[in-house]
Every structure is written in C-alpha cells, then in structure tokens.
Amino acid sequence: MSLRLHDTATREQREFVPVRPGAASIYVCGATVQGAPHIGHVRSGLNYDVLRRWLTHGGLDVLLVRNVTDIEDKVLAKSAAAHRPWWEWAATYERAFQAAYAALGCLPPSIEPRASGHVPQMIELMERLIDSGHAYAAGGDVYFAVRSFPEYGALSGQRIDDVVQGEPDSDTKRDQRDFALWKTAKPGEPSWATPWGRGRPGWHLECSAMATMYLGTEFDVHGGGIDLIFPHHENEQAQSRAAGDRFARFWLHNAWVTMAGEKMSKSLGNTLSIDALLRKVRGVELRY
C-alpha cells in the first residue's frame, strides 16, 4: 500500500512508512470533557477513524490512542459553577463524547486514557526534563524553559521572540515564554503529591506522558485539529524531544468545522449538537 500524508512539521507530503513493519501507531488529542460535544468536536475523531480504517484495510495492525482531558481549567470551572464534583462532571461528558463517536460510526480507540490516571508518568517526565536542564521548579509550579530547546517553534513556524503561551503571567517564571508543566494546588482544587508539592498537571504535559506510555518513545502519527498546532502540539514536541524521545514521525492536522466562515465554538454560540442533527439525519449521513 502506498500512502502519502501531509506532515505539518515538514509542510509537505511524505510517504507513510511505519516505525514497525506491519503496524501503525497513532495518538489523537481527544476531548476536553467540559460539556456536551458538537459536530466541530467530533470532526477530529471522525478524521482519524477514516485514516485508521484505511491503514487497517491496507493490512496494518493499528494501535490508536485517543486521550480524555478530564482535569483542566474549564472542567474545574464549569463543575464548580454547577456545584458538581469535577470527576463526576468529567465522566458525564466523557460518556456523551463516546456516544457521539459511536453514533457517527467511529470505531472505539485501542485505549482511551484519562489524564488524571497518568500522574506518575507525568512526574517521571518532569524529573527527566529538570535533570537535563530543560525545566525548573519555582514556587510549587514546574515550567519548561523554552529557550533551552533550540528547535522550539519549528512545528508551528513561531519565532521564539513572538511566542505568547496564553497563560497568565507569573512572577515565578524565568521567562514569560516558558510554559507550565505542573501547577501548584489552589484551595478546593484536586491535587496530587509530587517532589515539588501538591498540584495538578498542565495541559501539554498530559499528552506527552500518555502518548509515550502506550506507543513508546517513537511512534508514527500524532493527530488533532489545526487549532492545536500552537501552543499545544508545539509544546508537546518540545518537551518530549528535550527529554530525549523521538516522539511523532508525522504530525497531522484536520481542519475545523465552520459556520458562516467562523470556527464553530461554544464561545461564539454557533454550535450544532450531535443529538439535534441526529433528529434530522441518520448517523451515516452525518458522518458523510
């Protein structure tokens, strides 16, 4: 089977040659389970379901990991506003996403790991980064030192001097371009014990730890929507390679679903829910 994929990192089509003959390994950034899914959310899962089916059709044994981000600022804020436990809120919408994927005919992933279940792997990764001089602990937080990694910006095309992480400024950062690997515990928030104090993981750290846990230090494809190229995937690649892992050989990004030329998002109020559309068309039609 001959297959060429557009690799975001090289900005060109490349022939797909898997790391292991006869097999393919794919990591897809899955849902942040803060609320009910709309069709923009499910587009990514559907995109990589098609790729997985094509690779399987070509005779490859495919491992597809699609994570669940169940511990994150928006999950905590929305569950607190609803006076619900964060874990119950996350589990409720995790099930909603699973039902949406199934309604559109997406095969279940090989495994669907939750971020909250992989803190030991995150601690190990942070220790490797601190020991190698690429990260530092400060005031209970742990940050990745962006300038310590010369290749930073290569995936997204960002110039390091122009980088804005989208995180709150912090007095404990050595450089405001650095990004959080671990956040110190705030009153009332869930937290885990680490050598640097109690806290919770940063978004980017989660995926690097889970991808290598299940697919190894080098795997074939890392996928997600184009909105994840920066900062999420840029930061994933930086922290993983700085730690010594080769990480993903291909970076694939699907376009998002738009309405009247605008990205579909809850903040713009232009979303279409899966349930509402399935009252009008069959799942196979919506998939198409």
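V163 is found in the loop between β6 (141-144) and β7 (179-184), where helices (H or I, at least four residues) and strands (E, at least two) are DSSP runs numbered from the N terminus. The model is predicted, so local features need pLDDT of at least 70 and side-chain atom pairs count only at pLDDT 80 or more, while totals for chains, interfaces and linings use all residues. Residues are numbered from 1 along each chain as its sequence is written, and side-chain values use heavy atoms, with hydrogens and water left out.

V163 is buried, with a relative accessible area of 7%; buried stands for under 20% relative accessible area, exposed for over 50%, and partly exposed for values in between (1.4 Å probe, protein chains only). Not counting residues up to four places away in sequence, V163 touches Y152, Q158, R177 and F230, contact being heavy atoms within 4.5 Å. V163 and P231 are 68 residues apart in sequence, and their C-alpha atoms are 8.9 Å apart in space. P231 has its place in helix α6 and is joined to F230 by a cis peptide bond, with omega of about 5°.

Four strands form an open sheet in the order β4-β3-β9-β10, with parallel pairing; two strands pair if DSSP finds at least two bridges between them. Because β4 (61-66) and β10 (247-254) each have a single partner strand, they stand at the edges, and one side of each is left without a neighbour in the sheet. Neighbouring strands of this sheet are turned by 25° against each other on average, direction ignored. Axes here are lines fitted to C-alpha atoms, for helices over the stretch in contact, and angles run from 0 to 180 degrees between N-to-C directions. Strand β3 (residues 23-28) and strand β9 (residues 218-225) run parallel and are joined by three bridges, and Y27 stands opposite H222 in β9. Helix α6 (residues 229-242) packs on the sheet, touching β9 and β10, and its direction makes about 175° with that of β10.

Which residues does S208 contact, leaving aside its neighbours within four places in sequence? They are L125, E236, Q239, S240 and F247. S208 is found in helix α5 (residues 203-215) and is buried, with a relative accessible area of 1%. The side chain of S208 makes a polar contact with the side chain of S240 at 2.7 Å (a pair of N or O atoms within 3.5 Å; within protein, one must be able to donate a hydrogen and the other to accept it, and residues adjacent in sequence count only if both atoms are side-chain atoms).

F247, in strand β10, has a positive phi of about 65° although it is not a glycine, and F247 is buried, with a relative accessible area of 0%. H83 likewise has a positive phi, near 60°, in a residue other than glycine. H83 is found in the loop between α2 (73-81) and α3 (86-103) and is exposed, with a relative accessible area of 73%.
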